[in-house]
Amino acid sequence: MEAGDDKAPIRALLANDEALQQVADNIMAKFDTDCSGTLEKEETKKLVQFFLAQSASKSEQMNLPDETYEEIFKLFDRDNSGTVDRAELKDFLKALLEELLKDQ
């Protein structure tokens with residue numbers, strides 16, 4: 001790891017599949033409010049809203065139209081089952097982290 005490398009934790013997480021799955025499982029546990037083992041559209045919307053709230057300053061709170069949440073859900077739900085399972089959540093998280101690394 002290079003000194004001052006603020007992307008090092010992302011790289012470390014991406015290099016450890018077990019740790020990445022644990023992060024995905026923790027996210028699932030927090031947002032799977034009906035304990036179905038999957039995320040439905042409304043639960044996924046709350047997850048996205050949570051991430052947006054964490055990344056935006058109070059002055060720039062983002063209110064996305066429902067159509068945008070629908071498109072985001074489609075990115076999560078690769079098998080078009082109408083829900084997001086553990087593997088889909090992990091894969092989406094991995095893709096998102098890889099994109100963050102590209103923004104160097």
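In the predicted model described here, helix α1 and helix α5 pass each other in a left-handed crossing; a crossing counts as left-handed if the near helix is turned anticlockwise from the far one by less than a right angle, and as right-handed if clockwise. Helices are DSSP runs (H or I, at least four residues) numbered from the N terminus. Residues are numbered from 1 along each chain as its sequence is written. Because the model is predicted, local features need pLDDT of at least 70 and side-chain atom pairs count only at pLDDT 80 or more, while totals for chains, interfaces and linings use all residues, and side-chain values use heavy atoms, with hydrogens and water left out.

Two packed helices are described by the angle between their axes and the distance between the axes. The axes of α1 (residues 8–15) and α5 come within 10 Å and cross at roughly 145°, where axes are lines fitted to C-alpha atoms, for helices over the stretch in contact, and angles run from 0 to 180 degrees between N-to-C directions. On the α1 side, Ile10, Arg11, Leu13 and Leu14 meet Lys94, Leu97, Glu98, Leu100 and Leu101 of α5, contact meaning heavy atoms within 4.5 Å. By class, this contact of α1 with α5 comprises six nonpolar, no polar and three charged residues; Ala, Val, Leu, Ile, Met, Phe, Trp, Tyr, Cys and Pro count as nonpolar, Asp, Glu, Lys and Arg as charged, and the others, Gly among them, as polar.

Helix α2 also packs against α5, with axes that come within 9 Å and cross at roughly 115°. The two helices α2 and α5 are therefore roughly perpendicular, a term covering angles of 65 to 115 degrees. The crossing of α2 and α5 is right-handed. From α2, the contact involves Asp17, Leu20, Gln21, Val23, Ala24, Asp25, Ile27 and Met28, and from α5, Arg86, Leu89, Lys90, Leu93, Lys94 and Leu97. Eight of the residues in the contact of α2 with α5 are nonpolar, one is polar and five are charged.

For α2 and α3, the axes come within 10 Å and cross at roughly 115°, which makes α2 roughly perpendicular to α3. This crossing of α2 and α3 is right-handed. Ile27, Lys30 and Phe31 of α2 meet Glu43, Lys46, Leu47, Phe50 and Phe51 of α3, a contact of α2 with α3 made up of five nonpolar, no polar and three charged residues.

The largest pocket has a volume of about 350 Å³. A pocket is an open set of points on a 1 Å grid over the protein atoms alone where a 1.4 Å probe fits, with protein on both sides within 12 Å along at least five of seven lines, and lining residues have an atom within 4 Å of a point. Grid points are joined across faces, edges and corners, and the volume is the space filled by probe spheres set on the points. Among the 15 lining residues of the largest pocket, Val48, Phe51, Phe76, Phe92 and Leu96 are the closest to its centre. At least two lining residues come from each of α2 (17–31), α3 (41–55), α4 (66–76) and α5 (86–102), and α5 gives the most, with six. The lining of the largest pocket has 15 nonpolar residues, with no polar and no charged ones.

Thr83 lies in the loop between α4 and α5. The C-alpha atoms of Thr83 and Leu39 are separated by 5.4 Å, although these residues are 44 residues apart along the chain. Beyond its neighbours within four places in sequence, Thr83 is in contact with Thr38, Leu39, Glu40, Phe73, Asp77 and Glu88.

Conventions: Angles under 35 degrees count as roughly parallel, over 145 as roughly antiparallel, 65 to 115 as roughly perpendicular and the rest as oblique.
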